[in-house]
Amino acid sequence: MPFDIQLLAPIIAIQLILAIIALIDLARREAYRVAGGKKWPWALGIIFINTLGPIVYFFVGRKD
C-alpha cells in the first residue's frame, strides 16, 4: 500500500482549516488593510498554493 489514508487525513484537514480561516479573514478585511491593496490575488494564492498560501497570507498579506 503506497499511501495510508490515516496518514494523509490530518494533513488534508490542516490544509483545509488554514485555507478556510485565511479566506474568512480576507473577506472581513477592508482592501486597504491587505498588502498590495487588492484581495483577489491573495484569495487565489490561498486557494491554489496548498498550505503555504494561507501561511504567507497570515505573515505577509495582513496589515495591522
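How much of the chain over residues 6–28 is helix, how much is strand, and how far apart are the end C-alpha atoms? Over this stretch the chain is 100% helix and 0% strand, with 34 Å between the end C-alpha atoms.

## Basis of the model

This is a predicted model, in which local features need pLDDT of at least 70 and side-chain atom pairs count only at pLDDT 80 or more, while totals for chains, interfaces and linings use all residues. Residues are numbered from 1 along each chain as its sequence is written, and side-chain values use heavy atoms, leaving out hydrogens and water.

## Helices and annotated regions

Helices and strands are DSSP runs numbered from the N terminus (helices H or I, at least four residues; strands E, at least two). Helix α1 (5–28) has 24 residues and reaches 34 Å from its first C-alpha to its last, close to the expected 34 Å. The expected span is 1.5 Å times one less than the number of residues.

An unreviewed UniProt entry places the feature "transmembrane region" at residues 6–28 and 40–60. UniProt positions follow the numbering used here, feature names are shortened, and annotations may be inferred rather than shown by experiment. Over residues 40–60 the chain is 86% helix and 0% strand, and the end C-alpha atoms are 15 Å apart.

## Buried side of α1

Residues are classed by relative accessible area (buried under 20%, exposed over 50%, partly exposed in between; 1.4 Å probe, protein chains only). In α1 the buried residues are Ala19, Ala22, Asp25 and Leu26. They pack against α2 and α3, where contact means heavy atoms within 4.5 Å.

## Salt bridges

The structure holds two salt bridges, each defined as a side-chain nitrogen of Lys or Arg within 4 Å of a carboxyl oxygen of Asp or Glu. Arg29 pairs with Asp25, their closest N and O atoms being 2.9 Å apart. Asp25 also pairs with Arg62, at 3.8 Å between the closest N and O atoms. This second pair links distant parts of the chain, with Asp25 in helix α1 and Arg62 in the segment after α3, 37 residues apart.

Asp25 counts as buried because its relative accessibility is 18%, and Arg62 is partly exposed, with a relative accessible area of 29%. Shared partners join Asp25, Arg29 and Arg62 into one network.

Arg29 is found in the loop between α1 and α2 and counts as buried, at 10% relative accessibility. Leaving aside residues up to four places away in sequence, Arg29 touches Val34, Lys39, Tyr57, Arg62, Lys63 and Asp64.
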